[in-house]
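Please look through the sequence and the structure shown here before reading on.

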Amino acid sequence: KYQHGLQLSHFAGQKYELRSYRKKGEAETFLFLNNQVSYEYQDLLELELVAGRFFSDQIASDSSAVIINKSAANTFGFDDPVGQSLTSAFASGPLHIIGVVKDYNFESLHKPVVPLTLELFPKVNNGYLSVKLNSGLNLNETVEFIDEKWSIYASDKPLQYFFFDDD
């Protein structure tokens with residue numbers, strides 16, 4: 001969660017997976033970018049819920065839940081997406097939409113927002129980590145601190161980083 005003025009969660013910003021989804025019982029396939037996120041992701045990015053809720057570690061069924069952005073809801077044609085079910089080749093069973101977030105820049109700040117799905121993977125980060133810096137921190141010292149911590153857990157992989165507003 002919070003360490004040395006940092007809030008940690010899973011990766012945001014680049015290299016999103018493309019996933020296929022169908023409305024349950026329908027043949028049309030939709031391809032959306034997908035991000036695997038932790039419970040803290042909403043707080044980290046200060047995502048605004050338009051409907052429903054975010055993932056909770058108190059609700060076991062969230063492992064088969066999905067959150068979509070407003071663009072995805074519009075693309076699906078859902079007026080009220082919360083409670084709707086989707087199928088995906090990447091899921092062993094139906095995925096239930098539990099929330100809709102307001103569209104936000106999840107790639108570069110310079111790219112238009114496109115449909116996005118969020119799925120819960122609280123313990124998997126595929127070597128990526130999102131870090132939100134508190135204002136007033138010394139950027140060089142903070143990056144050095146992150147690099148030190150990174151090398152403890154991923155000594156075989158050098159720290160590579162970017163900033164949303166640089167891309």
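Why does Leu 133 count as partly exposed?

The model described here is predicted. Leu 133 has a relative accessible area of 32%, and partly exposed covers the range between buried, under 20%, and exposed, over 50%. Leu 133 is therefore partly exposed. The residue belongs to strand 10. Between the C-alpha atoms of Leu 133 and Leu 44 the distance in space is 10.0 Å, while the two are 89 residues apart in sequence.

Leu 133 also takes part in a nonpolar surface patch of about 210 Å², together with Leu 137 and Leu 139. Leu 137 sits in the loop that links strand 10 (130-133) to helix 3 (139-153). Because its relative accessibility is 32%, Leu 137 is classed as partly exposed.

Strand 6 spans residues 65-69 and is mostly covered, with five of its five residues buried. Ala 65, Ile 67 and Asn 69 point one way from the strand. Val 66 and Ile 68 point the other way, and they too are buried.

Which strands pair with strand 6? Strand 8 (residues 95-101) runs parallel to strand 6 and is joined to it by five bridges. Strand 9 (residues 116-120) runs antiparallel to strand 6, with three bridges between them. Val 66 has a bridge partner on each of these strands: Ile 97 in strand 8 and Glu 119 in strand 9.

## Nonpolar cores

In soluble globular proteins, nonpolar side chains tend to be buried together. In this model, the largest nonpolar core has 15 residues. Those with the most contacts inside this core are Tyr 41, Leu 47, Phe 54, Phe 55, Ile 67, Tyr 104 and Leu 118. At least two core residues come from each of strand 4 (30-37), strand 6, strand 8 and strand 9. Strand 9 gives the largest share, three residues. Apart from this core lies another, of 13 residues, which includes Phe 30, Ile 68, Ala 72 and Ile 97.

What does Tyr 104 touch, leaving aside its neighbours within four places in sequence? Its contacts are Tyr 41, Leu 45, Leu 47, Val 113, Leu 116 and Leu 118.

Methods. Residues are numbered from 1 along each chain as its sequence is written. This is a predicted model: local features need pLDDT of at least 70, side-chain atom pairs count only at pLDDT 80 or more; totals for chains, interfaces and linings use all residues. Side-chain values use heavy atoms; hydrogens and water are left out. Patches are made of residues with over 30% relative accessible area and no salt bridge: like charges are joined within 9 Å, nonpolar side chains (Val, Leu, Ile, Met, Phe, Trp, Tyr) within 5 Å. Accessible areas come from the Shrake-Rupley method with a 1.4 Å probe; for residues, only the protein chains shown count as cover. A salt bridge is a side-chain nitrogen of Lys or Arg within 4 Å of a carboxyl oxygen of Asp or Glu. Helices (H or I, at least four residues) and strands (E, at least two) are DSSP runs, numbered from the N terminus. Buried means under 20% relative accessible area, exposed over 50%, partly exposed in between (1.4 Å probe, protein chains only). Two strands pair if DSSP finds at least two bridges between them. A nonpolar core is a set of buried Ala, Val, Leu, Ile, Met, Phe, Trp, Tyr and Cys residues joined through side-chain atoms within 4.5 Å. Contact means heavy atoms within 4.5 Å.
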